[in-house]
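Visitor: Please put the sequence and the model up, and then I will ask about the packing, the fold and some single residues.

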Amino acid sequence: MRETGWKKKDTHSILAVTIASALIRSWRSTALGLDHFDAGGYALSSQAVFAGAAPDGLYPLQHFLSPPFFFGIAGMVMRIVGTDSDLVPIAISLVAGVLTVPLIYLIAWRWLGSRAAAIASAILLALSEFHILYSRAALTDITFTFIFLLALFLFSETYRRRSLSLGLLAGAATGLAWNTKYHGWLALVVAAAALVAVARRTGR
């Protein structure tokens with residue numbers, strides 16, 4: 001039986017799990033650093049954006065690592081806060097990791113119609129060792145995961161509500177995913193495959 005209507009307990013549940021995920025991911029975060037080759041490349045490119053030296057000052061092999069969204073955002077945040085610290089791209093991942101927890105709650109609640117499934121999904125993600133690890137690294141993976149899931153959710157809501165504005169947002173989110181990692185266009189493939197499955201099942 002599908003549960004409908006957002007209730008106060010939904011807000012309380014997701015707030016509790018999101019706060020817990022934030023505390024886990026930010027534990028001793030100031031002691032974190034660059035521990036991956038790719039992270040060093042992103043940090044160099046972010047610092048080039050911060051210094052206004054892009055594109056010539058980017059990490060020379062940046063085009064092999066990723067499109068510009070992740071390090072571009074990190075560089076702009078560096079400008080805003082006034083520091084080119086390596087902690088800035090790590091903070092981008094951390095924030096994206098925390099935001100993915102309420103997003104997965106919302107996705108499970110909308111797609112499965114079950115508050116139990118929604119809270120279980122959020123708790124499992126909040127406590128996922130892999131997700132925690134990557135949320136504390138200056139890598140594109142967690143930012144991409146958040147945007148990719150957001151694109152899929154927006155595509156599903158576009159179909160559910162027949163909304164042009166949501167469709168445009170879904171396209172924009174897909175574009176951001178594609179500009180975070182080179183396979184971000186797969187959000188379109190997943191959405192199209194889902195529509196084919198719905199069409200075969202419903203005849204619409």
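Visitor: Which residues in α5 meet α8, and which residues in α8 do they meet?
Guide: This is a predicted model, in which local features need pLDDT of at least 70 and side-chain atom pairs count only at pLDDT 80 or more, while totals for chains, interfaces and linings use all residues. Residues are numbered from 1 along each chain as its sequence is written, and side-chain values use heavy atoms, with hydrogens and water left out. Helices are DSSP runs of H or I with at least four residues, strands are E runs of at least two, both numbered from the N terminus, and contact means heavy atoms within 4.5 Å. On that basis I92, S93, A96, G97, L99, T100, L103, I104, L106, I107, R110 and W111 in α5 meet, in α8, I142, T143, F146, L149, L150, L152, F153, S156, E157, R160 and R161.

Visitor: How does the contact of α5 with α8 divide by class?
Guide: Ala, Val, Leu, Ile, Met, Phe, Trp, Tyr, Cys and Pro count as nonpolar, Asp, Glu, Lys and Arg as charged, and the others, Gly among them, as polar. The contact of α5 with α8 then has 14 nonpolar, 5 polar and 4 charged residues.

Visitor: At what angle do the axes of α5 and α8 cross?
Guide: Two packed helices are described by the angle between their axes and the distance between the axes. Here an axis is a line fitted to C-alpha atoms, for helices over the stretch in contact, and angles run from 0 to 180 degrees between N-to-C directions. The axes of α5 (residues 87-112) and α8 (residues 141-161) come within 8 Å, and they cross at roughly 30°. Angles under 35 degrees count as roughly parallel, over 145 as roughly antiparallel, 65 to 115 as roughly perpendicular and the rest as oblique, so α5 and α8 are roughly parallel.

Visitor: Is the crossing of α5 and α8 left-handed or right-handed?
Guide: A crossing is left-handed if the near helix is turned anticlockwise from the far one by less than a right angle, and right-handed if clockwise. The crossing in which α5 passes α8 is left-handed.

Visitor: How far apart are the axes of α8 and α10?
Guide: The crossing of α8 and α10 is right-handed. The angle between α8 and α10 (residues 186-202) is about 35°, and their axes are separated by 10 Å.

Visitor: How do the residues of the contact of α8 with α10 divide?
Guide: From α8 the contact takes F148, A151, L152, F155 and Y159, and from α10 it takes L186, A187, L188, V190, A191, L195 and V198. The division is 12 nonpolar, no polar and no charged.

Visitor: How many helices and strands does the chain have, and what is its radius of gyration?
Guide: There are 10 helices and 0 strands. The radius of gyration is taken over C-alpha atoms, and the globule rule is 2.2 Å times the number of residues to the power 0.38. For 204 residues that rule gives 17 Å, and the chain is close to it, so it is as compact as a globular protein of that length, with a radius of gyration of 18 Å.

Visitor: What share of the residues of the chain count as buried?
Guide: Buried means under 20% relative accessible area, exposed over 50%, and partly exposed in between (1.4 Å probe, protein chains only). Of the 204 residues, the buried share is 42%.

Visitor: Which residues is Q62 in contact with, leaving aside its neighbours within four places in sequence?
Guide: Q62 belongs to helix α3 (residues 62-65). Its relative accessible area is 4%, so Q62 is buried. Beyond those neighbours, Q62 contacts G41, Y42, S45, P67 and F71.

Visitor: What is the phi of R28?
Guide: R28 sits in the loop between α1 (8-25) and α2. With a relative accessible area of 59%, R28 is exposed. Its phi is positive although the residue is not glycine, with a value near 50°.

Visitor: What is the phi of R162?
Guide: R162 is in the loop between α8 and α9. It counts as exposed, at 53% relative accessibility. R162 is another residue other than glycine with a positive phi, near 55°.

Visitor: What is omega for the peptide bond from A54 to P55?
Guide: P55 lies in the loop between α2 (37-50) and α3. The bond from A54 to P55 is cis, with omega near 5°.
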